[in-house]
Amino acid sequence: MASILQRIGAATSLSSSNSFDTKKFNLSSPRSVIGRKVSNLDVRSNGANKMNGGMNCQIGGRADHFVTNAVATKPEAPAASTASKPGHELLLFEALREGLEEEMERDARVCIMGEDVGHYGGSYKVSKGLAPKYGDLRVLDTPIAENAFTGMGIGAAMMGLRPIIEGMNMGFLLLAFNQISNNCGMLHYTSGGQFKIPVVIRGPGGVGRQLGAEHSQRLESYFQSIPGIQMVACSTPYNAKGLMKAAIRSDNPVILFEHVLLYNLKETIPDEEYVLNLEEAEMVRPGEHVTILTYSRMRYHVMQAAKTLVNKGYDPEVIDIRSLKPFDLHTIGNSVKKTHRVLIVEECMRTGGIGASLTAAINENFQDYLDAPIVCLSSQDVPTPYAGTLEEWTVVQPPQIVAAVEQLCR
Amino acid sequence: MAIWQFVGKRVANYFTVSTTTFRSLRPLINGDSSPVNIFGYRRFESSKAGQQLDLVSSDDDEEQNQGVDFPGGRVGFTSEMSFLHKSSKKRVQCYRVLDDNGYPLSSSQYQHVNKELAVKMYSGMLKLQTMDTILYEAQRQGRISFYLTSYGEEAISLASAAALSGDDLIMPQYREPGVLLWRGFTLHEFVNQCFGNRNDYGKGRQMPIHYGSKKHNYFTISSPIATQLPQAVGAAYSLKMDNKDACVVTYFGDGSTSEGDFHASLNFAAVMEAPVVFLCRNNGWAISTPVTEQFRSDGVVVKGQAYGIRSIRVDGNDALAIYNAVRVAREMAIKDQQPILIEALTYRVGHHSTSDDSTKYRPIDEIENWKTARNPVSMFRKWVQRKGWWSDEEESEFRANVRKEVIQAIQVAEKTEKPPLDYLFSDVYEEVPINLIEQERLVRETVKRYPQDFPKDVPM
């Protein structure tokens, strides 16, 4: 899937550079990371003075607080400094691990807890090698009781530790809903700000390959109402590592959604340290005709459809929203104002998913800019079937995306 | 301090594992030294095989040696099919120091409490009782919306707090304001929280009695039952990582032991060897559910054993017993880095809360009996007065003073300004995000446009 990305990137860099402002950043050259950051600043100038730039910078500050790099990264400099560094290639789960390891090295309060995360290395190998390195108190294997170990993480966080709680599968975190909703999201507020909960709750979710209904849950739709938490979804090794680091450094409880099918994506990421912004969306492919909003695995279906669309003469703008709570309405808004047509492609179910909320948010804020009603492609409101063919048809497939765009752009 | 116990019957075989793995079992501290008690335990400090085989016949000896190394340890076999009893014939006995009339029992093992501590404990219990009475009345008068009393359980919260150090973390359920009181929370601070005014540390966001104070190491109360139990294990885990000379003490009621979190927390704490003291206030009632409908085991103390946790049953109305048991439990928890379970048997004299009328589901004479005959405050008072450390005059004077202070605190709190509007939106996240800033703006606009529909006493 990563290869599709690279090819699209290559194709678009030809068409995009002359059709609009090069200030928009694009993933065609993932190596030129820092260059993007500088350009991003211009894009954001019409908002309040927002976070200083895109892919490479700070976290923590909220939308209109201009917080300079909270992160001990190298000071921002144009592409020259990165151009010389080759970067290194790795898989998504390794990128997550790298992010984890760097943060554990940097801050002795960071610890991991979950089932089989210690000596087994995690069921998806995200924490492999960390227990031998940091000891089994910092990488803690817990018995099977999600509510209990999530509660444990919350208790530890209130004491000053920074735990990363892993759900073996996001679906199991439904058992931790009480702790997440009633305590994780609430205690900072109800204690009058006395206790803070800087936890990261992460795990693989989404529809996999014939994992059955209970292992194919999309928890982002259930958690999105909980006040006090932040939700982000990673989709590439680059943003996986950056978001992991940002989530760990954030003082708010953050839920990081990974996807079961994306763990083996390969990408070359920079050698130097970088932290991404938790509240920012990622411009995957700039375009003119339609804004396609997506996240996680659906990004790849969208990019595949984009290939077809480009061949058919369309110019879709693809944005990976990444931040599921709160939505990056700034980036999204700019895009809507440009293209006037929105297609949302998500893996959540039709009812009450991220797409439903996003549709409402865009309609409310940018109605004047829309030339057509928002189209939202989601999975059906059914438990995910086991049979491969049926499973394939519960999630949105590229042909459907192409058809929707064609319909929308008529 | 521990009292060792020999297993008498053949049924003991089922608990018998080879000496090499026996260390993993935790002793049940039991006052009864009779050999009939099946579920008592011994603890080995060395691997002397002799003691173990004492009460076991020679047949069993052979079978013992034919054990198998199953995952989890070596287990001996037997050819007798016998199911474990669902509970022992005799209930686990309850540790006490003072008798019903406040006289110390000669056989009691306890540490003496000096005058200063005893008077502080007793006056704390009085203060709690008085504060409860007045604030309950305040709720009845409509001045606060809700209140929850600790009648009958004053000894538990004050005496346990007295046994702890200020560094020990408290994760309460909701019926332990006595612990905060001990630690120096003032009447004003209590009342401010109940009134939800500007000076409330919780910034007016929680119901009355949901106190929380970081500086007193008392975690903010969260209404759902038993959620604090796994959090206590997590907090203990952090103490363990930091190697601190402190433990976590978490309080909960008999009803909480039905929640899944209770079981998982005990299990986790045992596996992780976390320094937590689990203190169960078994007061007989979970709103209207009596303990006979809550569980069928011999109370809560036996549950500790199921998870491999040392446990003790204490008379919750005996302040000195609680003090001693908690003091020792704390030492054990910190030194051995193990969880301890304390079941404090007591009675909930008051209603569950101001939203409850317990006379609807229990006989009034039962309540009266516990209120008078087995009242922890009066029991302790007898002991303190007999020591010459308290007198009737001091009692009435103290009560009157506290009463005045509470009433005054209420008057001040009522007049204090409510939290401002921006407290509604702050602390949801570390910094207020755009969507909440927007929502706040909308609220302010609406209030400006229709001021008559909004309360006047909320500062904007």
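**A helix and its surroundings**

Visitor: What caps the N-terminal end of α13(B)?

Guide: Asn375(B) does, with a side-chain oxygen 2.7 Å from the backbone nitrogen of Val377(B). That falls under polar contacts (N or O atoms within 3.5 Å; within protein, one must be able to donate a hydrogen and the other to accept it, and residues adjacent in sequence count only if both atoms are side-chain atoms). Helices (H or I, at least four residues) and strands (E, at least two) are DSSP runs numbered from the N terminus.

Visitor: Before we go on, what sort of model is this?

Guide: It is predicted, so local features need pLDDT of at least 70 and side-chain atom pairs pLDDT 80 or more, while totals for chains, interfaces and linings use all residues. Residues are numbered from 1 along each chain as written, chains are lettered from A and ligands numbered from 1 in written order, and side-chain values use heavy atoms without hydrogens or water.

Visitor: OK. Which residues of helix α13 of chain B are buried?

Guide: In α13(B), residues 376–386, they are Pro376(B), Val377(B), Met379(B), Phe380(B), Trp383(B) and Val384(B). Buried means under 20% relative accessible area, exposed over 50%, and partly exposed in between (1.4 Å probe, protein chains only).

Visitor: And what covers the buried residues of α13(B)?

Guide: Included in the cover are α4 (115–140), α5 (154–163) and α11 (319–336) of chain B. Past the helix comes Gly388(B), with a positive phi near 85°.

Visitor: Pick one residue from α4 of chain B for me.

Guide: Take Gln129(B), which is in that helix. Gln129(B) counts as buried because its relative accessibility is 12%.

Visitor: Which residues is Gln129(B) in contact with, leaving aside neighbours within four places in sequence?

Guide: Tyr151(B), Glu154(B), Asn375(B), Val377(B) and Arg399(B). Contact here means heavy atoms within 4.5 Å. With Glu154(B), the side chain of Gln129(B) also makes a polar contact of 3.1 Å. Asn375(B) in that list is the residue that caps α13(B).

Visitor: New topic. How many residues of chain A are in contact with chain B?

Guide: 49 residues of chain A touch 44 residues of chain B. The interface has 16 residue pairs in polar contact, both residues being at pLDDT 80 or more.

Visitor: Which elements of chain A supply residues to the side that touches chain B?

Guide: β2 (110–114), β3 (139–141), α6 (146–158), α7 (177–184) and α8 (187–190) of chain A each give at least two. The most comes from α6(A), with 9 residues.

Visitor: How many salt bridges are found across that interface?

Guide: The rule finds 0 between chain A and chain B. A salt bridge is a side-chain nitrogen of Lys or Arg within 4 Å of a carboxyl oxygen of Asp or Glu. Over all chains the count is 49.

Visitor: Show me one in chain A.

Guide: Glu101(A) and Lys133(A) meet in one, 2.6 Å from N to O. Glu101(A) sits in helix α4 (residues 92–106) of chain A and Lys133(A) in helix α5 of chain A, so this pair links distant parts of the chain, 32 residues apart. Glu101(A) is partly exposed because its relative accessibility is 24%. Lys133(A) is partly exposed too, at 45%.

Visitor: Is Glu317(A) buried or exposed?

Guide: Buried, because its relative accessible area is 0%. Lys338(A) is partly exposed, at 23%. Salt bridges that share partners also join Glu98(A), Glu102(A), Glu103(A), Arg106(A), Lys241(A), Lys245(A), Arg249(A) and Glu273(A) into one network.

Visitor: What about the backbone? Where is Pro326(A)?

Guide: Pro326(A) is in the loop between β12 (323–325) and α12 (329–339) of chain A.

Visitor: Which way does phi go at Asp116(A), positive or negative?

Guide: Positive, near 60°, in a residue other than glycine. Asp116(A) lies in the loop between β2 and α5 (130–134) of chain A, and it is partly exposed because its relative accessibility is 36%.

Visitor: And phi of Ile209(B), what is it near?

Guide: It is near 70°, again a positive value in a residue other than glycine. Ile209(B) is in the loop between α7 (187–195) and α8 (228–242) of chain B, and it counts as buried because its relative accessibility is 2%.
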